[in-house]
Amino acid sequence: MSHRLPGLFRHDVVVGPERLAFFGDAVFAIAITLLALDISVPEGLSHAEVAHAIREAVPAIGAYLLSFAVIGVLWLAQHSLFRLLATVDRWLLHCWFALLAVVAALPFPTKLISEYGDTAAATVFYAASIALAVALYGAMYVRLLTKPALTVAGAERPQLTEGFRRSVVMALVFATSVPVAFFSPTLAKYWWLLAVPANQLFRMLPAGAERRAEEEPAESG
C-alpha cells in the first residue's frame, strides 16, 4: 500500500482556479465571522456596570476591526491574483493552502492582541502571522513570473511584477515591526500604519508609468 502513495502525490492538479477561489472565499468569510465571537460582555450586569463592561471590550473591538481590515485586504489580494490564473500547479496549490491555513488561524493572534496587546510576544506573533500571509502571495507571484504559462492570455508581466512588489512591501512593513515590538509594542502597532501609504504609492506608480508611456510617443511624433 505504501509504495502507491508517492505515485498518488505525483498526479496532476485537477482543481481549477475558480473552485479554489470559491473555497478561499468561504475560508475568508468564516475567519471574519469568527473574529466577532471574541467580542462579548458578561451576562447579568447591572445598569451601572454596562458602561464599564463596554470599556473593557474596547481592546477586543479594536483587534476585531484591525483583523477585519487585514482579512479584507487579503481577500481582495486573492481576487487580484486569481484573475491572472489560467491553471494551477502543485507549487501554487501548496502556497495557497498554506495561506488559507494562516487566514483560518487569524482569530487566534487577534485574540492575543486584544487581551495581551501590551506585550511584545503577542504583537510579534500577530505581525509575523500577517507577514507570512502576505509573503505567501509574493511566492505565488514569483511562481507566475517564472512560469508565465500558468497565467491567462491577457496577463502581462508588469501586472505580475506589481503584485510581487506590493506583496514584498506589505510583508516588510509587518516584518520590520517585529524588532520595533521588542522596544515598544504600541509603537509597533503604529508602524503597521505604514502599509497604508505604501499601498497608495503602488496605486500611483502604475498611473505614472502609463502617463509616461503616453507622453513618449507624442514627443517622438
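**View 1. A salt bridge joins Arg143 and Asp89.** The structure holds three salt bridges, each defined as a side-chain nitrogen of Lys or Arg within 4 Å of a carboxyl oxygen of Asp or Glu. Here the N to O distance is 2.8 Å. The pair links distant parts of the chain, 54 residues apart: Arg143 belongs to helix 7 (residues 120-146), while Asp89 sits in the loop between helix 4 (58-82) and helix 5 (90-105). Helices are DSSP runs (H or I, at least four residues), numbered from the N terminus. Asp89 is buried at 15% relative accessibility, and Arg143 is partly exposed at 23%. Buried means under 20% relative accessible area and exposed over 50%, with partly exposed in between (1.4 Å probe, protein chains only).

**View 2. Glu115 pairs with Lys111 in helix 6.** Their side chains form a salt bridge of 3.0 Å, N to O. Both residues lie in helix 6 (residues 107-115), four residues apart, or about one turn of the helix. Glu115 is partly exposed at 45% relative accessibility, and Lys111 is partly exposed at 34%.

**Notes for all views.** Residues are numbered from 1 along each chain as its sequence is written, and side-chain values use heavy atoms, leaving out hydrogens and water. In this predicted model, local features need pLDDT of at least 70 and side-chain atom pairs count only at pLDDT 80 or more, whereas totals for chains, interfaces and linings use all residues.

Note on methods: Helices (H or I, at least four residues) and strands (E, at least two) are DSSP runs, numbered from the N terminus.
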